[in-house]
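Let's take a walk through this structure together. Have the sequence and the 3D view ready, and follow along one step at a time.

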Amino acid sequence: MYELKDEYLTGIPSIDAEHKVLFEIADEIYQLSVNEFVPDKYDNIAHLIQRLKDYTIMHFEHEEAYMESIQYKQMFTQKVQHDHFRQKLEEMDLDTIDQDQDGAIQDLLKFVTDWLVEHIMETDKKIAG
Ligand SMILES: [Fe+2]
Ligand SMILES: [Fe+2]
């Protein structure tokens, strides 16, 4: 359902490879949202949020290091967007998941996929110039 499409490629192989994994995590969230055989999804949701956090933070570090290495001019704009997303990830509250598990997964899925597509298309794709 969700995967790295050609139009999302930045042309920087190491960054594209990590974006591919981020889409795979988004797809796992989607798969969980449509899975009717797991009655209690709390552990799966918590696990996916942690995986998303860990991978995103690592990816941002790599991307920022790469931008520094090429003295990328719009590094500041990038960092502001990364910081904003890191902040949102930190604010995710596991305590509220159980109030509405399906709603929580849908919100997470929309949040991640909207952000990924928009940030990659509007911002990451500019890195390679
Ligand atoms: Fe980025
Ligand atoms: Fe990125």
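**From a helix residue to the metal site**

Leaving aside residues up to four places away in sequence, Thr-56 touches Leu-22, Phe-85 and Leu-89. Keep in mind that this is a predicted model. Thr-56 sits in helix H2, which covers residues 42–69. Its relative accessibility is 2%, and because buried means under 20%, Thr-56 counts as buried.

Now turn to the metals. The iron ion (ligand 1) is coordinated at 2.0 to 2.5 Å by Glu-63 (OE), Gln-78 (OE1), His-82 (NE2), His-119 (NE2) and Asp-124 (OD). Along the chain, these donors follow the spacing E-x14-Q-x3-H-x36-H-x4-D. Distant parts of the chain are linked here: His-82 belongs to helix H3 (residues 75–91), while Asp-124 lies in the segment after helix H4 (101–122), 42 residues apart. His-82 is buried, with a relative accessible area of 0%, and Asp-124 is buried too, at 1% relative accessibility.

Finally, look at how the two ions are connected. Glu-63 bridges the iron ion (ligand 1) and the iron ion (ligand 2), which lie 3.5 Å apart. Glu-63 is itself buried, with a relative accessible area of 0%.

How values were computed: Residues numbered from 1 in each chain as written. Chains lettered and ligands numbered in written order. Predicted model: local features only at pLDDT ≥ 70, side-chain atom pairs only at ≥ 80, totals over all residues. Heavy atoms only, no water. Donors = N, O, S within 2.8 Å, 3.2 Å for Na, K, Ca; no water. Helix = DSSP H or I, 4+ residues; strand = E, 2+ residues; numbered from the N terminus. Buried < 20%, exposed > 50% of the residue type's maximum accessible area, 1.4 Å probe, protein only. Contact = heavy atoms within 4.5 Å.
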